[in-house]
Amino acid sequence: MATNSKTDTALPIYAEGALTGACWSCGDMRAAHFCQACGKLQPAVPTDYFTFFGLPRKLNIDVAELEREFHRLSRKLHPDLYVISGGPEREWSLEKSSQLNDAYRTLRDPITRTAYLLKLEGVQLEEQSKAATDKARASGEEKKQVVPPDLLEEVFELNMQLEELRMGKKMGEVGESLKSELQHKKNDFEQKLAATDSELKKLWDRWDAVVDGNEPGRIAVRDGMVALLNRRKYIANLVRDVTAELES
Ligand SMILES: [Zn+2]
């Protein structure tokens, strides 16, 4: 659906190979962060998070390996190591350390990793965050939130029961049966969330095959992931709202 995505202009598409070139110090070819010949730290350049870690833009990632690489680079890029050399190297170590932390945080989590890849592909996901909801409520503007069609009925019923619970709390009379009904619905939605995750996992495999050139339909796989992430976010928000009402 066209309303689910739009082109994101905020994120530049970085040139591939931005991290390779000649070493500033010895002129030899350098690897991503350190010169292969003289070992000197190389300038910090804007780069996407996959490239930063020397990874292809694939979604199946060995997270344990990513973590090891994160710790290895954290030590080697630590700004304290460049206090004596001073000058630009210290600046680069600071910049690269900051890039490293952002890249690691984004890629280690499967959902933020997927959302980030979709951004690189030019897609902006629907804003369904709590902050966006609160902002829309405060300004009185209608926030576009597409209910997945197959969930319409259940969501309608859930909202009625949530409203009933809120009213009950105000009156000081909350029925236990209503609460257990809502708990039941919450469990159902949590199962739907898990189902969405396994659907997403299948699309990861297809995406990685696309990147390898083994499968056509890049746009179709991309749009499939967008739809699943939006659905996932929608359901996660419902679960969050029900949990908050049940616990308050
Ligand atoms: Zn060098």
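Colleague: In what order do the elements of the protein run from the N terminus on?
Modeller: They run β-β-β-α-α-α-α-β-α-α-α-α. There are eight helices and four strands. Both are DSSP runs, numbered from the N terminus: helices are H or I with at least four residues, strands are E with at least two. This is a predicted model, where local features need pLDDT of at least 70, side-chain atom pairs count only at pLDDT 80 or more, and totals for chains, interfaces and linings use all residues. Residues are numbered from 1 along each chain as its sequence is written, and side-chain values use heavy atoms, with hydrogens and water left out.

Colleague: What is the mean pLDDT of the protein?
Modeller: The mean is 85, and 83% of the residues reach 70 or more. pLDDT is the predictor's confidence in each residue, from 0 to 100.

Colleague: Which elements have the lowest and the highest mean pLDDT?
Modeller: Strand 1 (residues 6-7) has the lowest, 39. Helix 2 (residues 63-76) has the highest, 96. Over residues 1-17 the pLDDT is below 50, and this stretch has 27 contacts in the model beyond near neighbours in sequence. A contact means heavy atoms within 4.5 Å. Where pLDDT is low, the predicted coordinates should not be read in detail.

Colleague: What coordinates the zinc ion?
Modeller: The SG atoms of Cys23, Cys26, Cys35 and Cys38 do, at 2.3 to 2.4 Å. Donors are N, O and S atoms within 2.8 Å of the metal (3.2 Å for Na, K and Ca); water is not among the atoms, so sites may look incomplete. The donor residues are spaced C-x2-C-x8-C-x2-C in sequence. Cysteine 23 is in the loop between strand 2 (21-22) and strand 3 (29-30). Cysteine 38 is in the loop between strand 3 and helix 1 (49-52), 15 residues apart from cysteine 23.

Colleague: Why is the arrangement around the zinc ion called tetrahedral?
Modeller: Four donors count as tetrahedral if all angles lie between 85 and 135 degrees. Here the four donor atoms subtend angles of 104 to 116°, so the arrangement is tetrahedral. The ideal angle for four tetrahedral donors is 109.5 degrees.

Colleague: Is cysteine 23 buried or exposed?
Modeller: Buried means under 20% relative accessible area, exposed means over 50%, and partly exposed is in between (1.4 Å probe, protein chains only). Cysteine 23 has 5%, so it counts as buried. Cysteine 38 has 35%, so it is partly exposed. Of the 248 residues of the protein, 38% count as buried.

Colleague: What makes tryptophan 24 and tryptophan 92 an edge-to-face pair?
Modeller: Rings of Phe, Tyr and Trp (its six-membered ring) pair if their centres lie within 6.5 Å; planes under 30 degrees apart count as stacked, over 60 as edge-to-face and the rest as tilted. The count comes to five aromatic pairs. In this pair the centres are 5.6 Å apart and the planes are at 70°, so the pair is edge-to-face. The pair links distant parts of the chain, 68 residues apart: tryptophan 24 is in the loop between strand 2 and strand 3, and tryptophan 92 is in helix 3 (residues 87-108). At 39%, tryptophan 24 counts as partly exposed. At 16%, tryptophan 92 counts as buried.

Colleague: Which residues form one aromatic cluster?
Modeller: Tyr49, Phe50 and Tyr116 do.

Colleague: How do you know that the charged end of lysine 76 sits over the ring of phenylalanine 34?
Modeller: The rule asks for NZ of Lys or CZ of Arg within 6 Å of the ring centre and within 35 degrees of the ring normal. The charged end of lysine 76 is 4.2 Å from the centre of the ring of phenylalanine 34 and sits over that ring. Lysine 192 lies over the face of phenylalanine 189, at 5.4 Å from the ring centre.

Colleague: Why is phenylalanine 189 called buried?
Modeller: Its relative accessibility is 3%, so phenylalanine 189 counts as buried. Phenylalanine 189 is in helix 7. Among the residues it touches are Leu151, Val155 and Leu238, not counting residues up to four places away in sequence.

Colleague: What makes threonine 243 buried?
Modeller: Threonine 243 has a relative accessible area of 18%, so it is buried. Threonine 243 lies in helix 8 (residues 218-247). Threonine 243 and lysine 186 are 57 residues apart in sequence and 7.7 Å apart in space, C-alpha to C-alpha.

Key: Four donors count as tetrahedral if all angles lie between 85 and 135 degrees; four count as square planar and six as octahedral if opposite donors are over 155 degrees apart and all others between 65 and 115; anything else is irregular.
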